[in-house]
Every structure is written in C-alpha cells, then in structure tokens.
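The entries follow the order in which I made them.

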Amino acid sequence: EMGGRAMTYRRKERIAFWIDQIIIVVVTISSIWFASRIGYREAVRFARYEELRKARDQMRAVERELAFNEFALRRALDNWVSDDFQNVYVAQHAFDRAKESDEIYLLDPDTTTSLVEAYDEELRKSFAQNREQGIVGIRFAALDLYEHLERIEEARPRLEKDIGVQLARP
C-alpha cells in the first residue's frame, strides 16, 4: 500500500513537472512572438518617421530656396536699371535634388505642378535674354520676371501647407 502511494505521488510529480515545462515553453514562445510583433511594428513606425523626416527636411530646403528666389526677383524688379536686375538668377539646387527623389511623390500633385511651374525652363531663358538684350529689352524681361515671381509666390504657400499636412509626423 505504501509503495502504491509513493508511485502515484511520483507520477503526479512527473506530470506536474512536464506541465510546468509545457507552460514555460508556451509562455516563452508567445513572449518571443509578441515581442517580435511589437518590435516589427516599432521598426516600421520608425522607418516611416525617418522617411517623413527626410522628406520634410528636403521640402523645407526647397521652401527656403523659393523664399530666396522670391526675394531676389523682388529686389531685381524694384530697380530695373540696377545690377540686381541685370544679374538676377534663381537658385534651384534644392529643387533639382527634390525632383530626383522619391520624396517628391509624398506631395500633393497640385503642389508638385506648382513647383515645376515655378522652376520652369522659361525662367532660365528669360535670364539669358535679359543679359543679352541689356537695357533695350528690359520691359519684356521685367514682364517675364513678374510672371515667374507670381509662380513662385503661388508655389510657396502650397509647399508650406504640404509640409504641415502631407509630411506631418506619423
């Protein structure tokens, strides 16, 4: 009788041991699974945040460039016979970098169109013509520059809005 009780006690101990082992394995596996899911979600969120940060920085550079160009054109148009008018130019390094990047596709299509128009090829032709014609064609050059100034003035607020809306923090 004593031996029978000891056997059932040992058997119960063994069963309890294996149940404990199974519980430990299940808890370990589910912990790893949950941790990896959370880690993956955080990694995706961080990658998205980095992508938006990069896009925001790049578009802010374009916005600063537009502000510079607007200032340069206004200054040139304020005094047609000045050196400022004869030597005015529009910077476009930031825009050139932006238009070659994937970040440009995060903007609203109207904003992109507005930017392309602000940096239109005609603008550079106007500058070249302006330098060739000198004082003679100054009125035509001024009209061209006013048109480009208006395009820049239209593009800037759209870009600012997109930086705040499309490229807002996730």
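I began at Asp78, which lies in helix α1 (residues 2-78). For helices I took DSSP runs of H or I with at least four residues, and for strands runs of E with at least two, numbered from the N terminus. The model is predicted, so I note that local features need pLDDT of at least 70 and side-chain atom pairs pLDDT 80 or more, while totals for chains, interfaces and linings use all residues. Residues are numbered from 1 along each chain as its sequence is written, and side-chain values use heavy atoms, with hydrogens and water left out.

Asp78 is exposed, at a relative accessible area of 69%. My cut-offs here are under 20% relative accessible area for buried, over 50% for exposed, and partly exposed in between, with a 1.4 Å probe and protein chains only. The C-alpha atoms of Asp78 and Ala142 are 9.9 Å apart, and the two residues are 64 apart in sequence.

Next I looked up Leu143, in helix α6 (residues 138-165). Leu143 is exposed at 58%. Its C-alpha atom is 9.4 Å from that of Leu77, 66 residues away along the chain.

**Salt bridges**

I counted a salt bridge where a side-chain nitrogen of Lys or Arg is within 4 Å of a carboxyl oxygen of Asp or Glu. The count comes to 14.

Arg156 and Glu63 form one, at 3.1 Å from N to O. This pair links helix α6, which holds Arg156, to helix α1, which holds Glu63, across 93 residues. Glu63 is buried, at 15% relative accessibility.

Arg74 and Glu153 form another, at 2.3 Å. Arg74 is in α1 and Glu153 in α6, so the pair ties together parts 79 residues apart in sequence. Arg74 is partly exposed at 37%, and Glu153 is partly exposed at 29%.

Asp120 and Arg151 have their closest N and O atoms 3.4 Å apart. Asp120 is in the loop between α4 and α5, and Arg151 is in α6, 31 residues away. Both ends are partly exposed, Asp120 at 22% and Arg151 at 21%. I also traced one network of salt bridges with shared partners: Glu63, Glu70, Arg74, Glu153, Arg156 and Glu160.

**Aromatic pairs**

Which rings pair, and how? I paired rings of Phe, Tyr and Trp (its six-membered ring) with centres within 6.5 Å, calling planes under 30 degrees apart stacked, over 60 edge-to-face and the rest tilted. There are three pairs in the structure. Phe17 and Trp18 are edge-to-face, 5.2 Å between centres and 75° between planes. Phe17 is partly exposed at 43%, and Trp18 is exposed at 53%.

Phe95 and Tyr119 are stacked, 4.2 Å between centres and 5° between planes. Phe95 is in helix α3 and Tyr119 in the loop between α4 and α5 (121-133), 24 residues apart. Both are buried, Phe95 at 5%. With contact taken as heavy atoms within 4.5 Å, the residues that Phe95 touches include Val62, Leu115 and Tyr119.

**Helix α4**

In α4 (residues 109-118) I found Thr111, Ser114, Leu115 and Ala118 buried. They fall within an arc of 100° seen down the axis, so they line one face of the helix; the arc is that of the directions from the helix axis to the C-beta atoms.

Methods. Lists of a residue's contacts leave out its neighbours within four places in sequence.
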